[in-house]
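Trainee: Could you take me through one part of this model closely, beginning with the disulfide count and going on to what surrounds it?

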Amino acid sequence: MGSLALFAVLLLIAVAAAAVIRWRRHTDPPPQRAWSTPAQLDRADFGLPREPWLVVVFTSGTCQSCASMAAKAAVLASNHVAVVAVEAGAEPDLHRRYRIEAVPITVVADEQGIVRAAFVGPTSATDLWAAVAEVRSPGSSPEPHLGQAEG
């Protein structure tokens, strides 16, 4: 009987030690922040562009990828697409108004200012251009989900 009791005590100690080791190894993931994009723009905030589509790139002068996103968007400018870069230092009121807390944020809005596609962070020119093509002409992109909110 004595050896059975000793075995039970040793087993209990081993289980407790394993639990302590496992508890010490467990780390919570870092807090995650989901940056939001505006759902609606007041086109008057961007100089009342007459083009039916508006691409706005919210940027910061201290953000290296922002200049790249603004350049990728600038290529889209046409008689149908207005492109505006909104730099945080130059236009902080617009960043506050649209609750821009991370940059770059790129949004594509229709004539009513409804955001039809958006990107948080840098994205490829191909993905941005395909998203604009898709909102302008549904079914034109082989990846119609680009820039769309997941849900």
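Mentor: Counting as a disulfide any pair of cysteine sulfur atoms within 2.5 Å, the total comes to one disulfide. Cys 63 and Cys 66 form it, with their sulfur atoms 2.2 Å apart, and the link is right-handed, with 90° about the S-S bond. Both Cys 63 and Cys 66 are buried, where buried means under 20% relative accessible area, exposed over 50% and partly exposed in between, with a 1.4 Å probe and protein chains only. This is a predicted model, in which local features need pLDDT of at least 70 and side-chain atom pairs count only at pLDDT 80 or more, while totals for chains, interfaces and linings use all residues. Residues are numbered from 1 along each chain as its sequence is written, and side-chain values use heavy atoms, with hydrogens and water left out.

Helices (H or I, at least four residues) and strands (E, at least two) are DSSP runs, numbered from the N terminus. Strands E1 and E2 pair in the parallel sense over seven bridges, pairing being called when DSSP finds at least two bridges between two strands; Val 84 in E2 is the bridge partner of Val 56. The chain crosses from E1 through H2 to E2 in a right-handed β-α-β crossover, meaning that, with the strands pointing away from the viewer, the path from the first strand over the helix to the second runs clockwise.

Helix H4 has buried residues too, among them Ala 125, Leu 128 and Val 132, and the buried residues of H4 pack against E1 (53-59), H2 (64-74) and E2 (81-87), as well as E3 (105-109) and E4 (115-120), contact meaning heavy atoms within 4.5 Å.
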